[in-house]
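Subject: Structure handover

Hello,

Please find the structure below. My notes on it follow.

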Amino acid sequence: MSALAIRLAGIAMESPLVLASGVLGTTASSLRRVALAGAGAVTMKSCSLQPRAGHPAPCILPWGGGILNAVGLSNPGAEGAAAEIAEFKRTCPVPLFASIFAGSAEEFGRLAGRIAGAGPDLIEVNVSCPNVQSEFGIPFAADPDACGRVARAVKDAAGSIPVSIKLSAQCASLARMAEACQRNGADAITAINTAGPGMWIDTGTGRPVLSNRVGGVSGPAILPIAVRAVYEIRKAVDLPIIGTGGVSCANDALQLIMAGADAVGIGSAIYGGGIGLFGEINRGLEDFLKEGGYDSIGRVQGLAHREDRP
Ligand SMILES: Cc1cc2nc3c(=O)[nH]c(=O)nc-3n(C[C@H](O)[C@H](O)[C@H](O)COP(=O)(O)O)c2cc1C
């Protein structure tokens, strides 16, 4: 067995690297390309019950320190997503994580039931998108009780399929959020979603660049926030964590793993580095383990918790 192989919520993965939701994850064929490039699992773009157009262009801005995006959760709806899941499962053995979002706990439950029927390996619950606040209000991920109700509704509908709740770093206490997820049956936690929202102004025109004015911040700028978030969640609960945010090289991935992540999501870096990044980071992780004399990635997981300095 490879030194990078892990089990996450009972799912066997050849590598801890996961394609994060929203980047290249709408169709079975694009997900398959990423899977073949070395991802241990791939996450689909979040889907809603009904199809959504999302926000008009420009909705993605690489600004130098990362990406600002206000895609607005455009997706083909539950039926379209279910067809892509079924097609992927027919043609690719790599684990597939579906991603869902909705406006109420009840709607999350209905959507989870439909998506579970298509047979994904895990359902990720997006309660933390910051760029649709004008439509959906403050994300569920800011309130432990609201988030717990969503987790419970999805768990009740998902049957035997494991459920991961995707949290935001922006809440009063990540420990309380994680505990609410655990109490309500979550099998894993994904952290973090994009931060912000943020705004970028074109000083030539004096106007915000994105059509939505604001968007979620991702990429290198948020890596230290993601590392801190994973560290706090690991201290609070013993659920598996898919640490996500700002990873673009093996050293970034190792930081999240040492903070306590079991797996590592990669999103924005693909805009600059392409899908070859998965193979590159896998090789970087293998080299690190070999040089340190570790026989598996599990040996370095949570290392940062070894001693809590005063
Ligand atoms: C263009 C874009 C679209 C995204 N869409 C989604 C989405 O549909 N659902 C979701 O849960 N997260 C979405 N995200 C957030 C990512 O999955 C990830 O949590 C975040 O970008 C931090 O990781 P990164 O810095 O590696 O991109 C999106 C991110 C980007 C850049």
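A word on classes before the notes: Ala, Val, Leu, Ile, Met, Phe, Trp, Tyr, Cys and Pro count as nonpolar, Asp, Glu, Lys and Arg as charged, and the others, Gly among them, as polar. Please also keep in mind that this is a predicted model.

The ligand. By those classes, the shell around the ligand holds 16 polar, 11 nonpolar and two charged residues. In total, 29 residues surround the ligand, and the closest are Ala20, Gly22, Ser218, Gly267 and Ser268. Two elements, strand 6 (67-69) and strand 16 (263-266), each give two or more residues to this shell.

Helix 8. This helix spans residues 250-259, and eight of its 10 residues are buried, so the rest of the structure largely encloses it. The buried residues are Ala250, Asp252, Ala253, Leu254, Gln255, Leu256, Ile257 and Ala259. Their cover includes helix 7 (223-236), helix 10 (276-292), strand 3 (17-19), strand 15 (241-244) and strand 16. Just after helix 8, Gly260 has a positive phi of about 130 degrees.

Arg176. This residue belongs to helix 6, residues 174-183. Is Arg176 buried or partly exposed? A residue needs 20 or more other C-beta atoms within 10 Å to be buried, and counts as exposed at 12 or fewer. Arg176 has 16, so it is partly exposed. Pro144 is 32 residues away from Arg176 in sequence, yet their C-alpha atoms are 6.4 Å apart in space.

Regards

Technical notes. Residues numbered from 1 in each chain as written. Predicted model: local features only at pLDDT ≥ 70, side-chain atom pairs only at ≥ 80, totals over all residues. Near = placed C-beta within 6 Å. Helix = DSSP H or I, 4+ residues; strand = E, 2+ residues; numbered from the N terminus. Contact = placed C-beta atoms within 7 Å.
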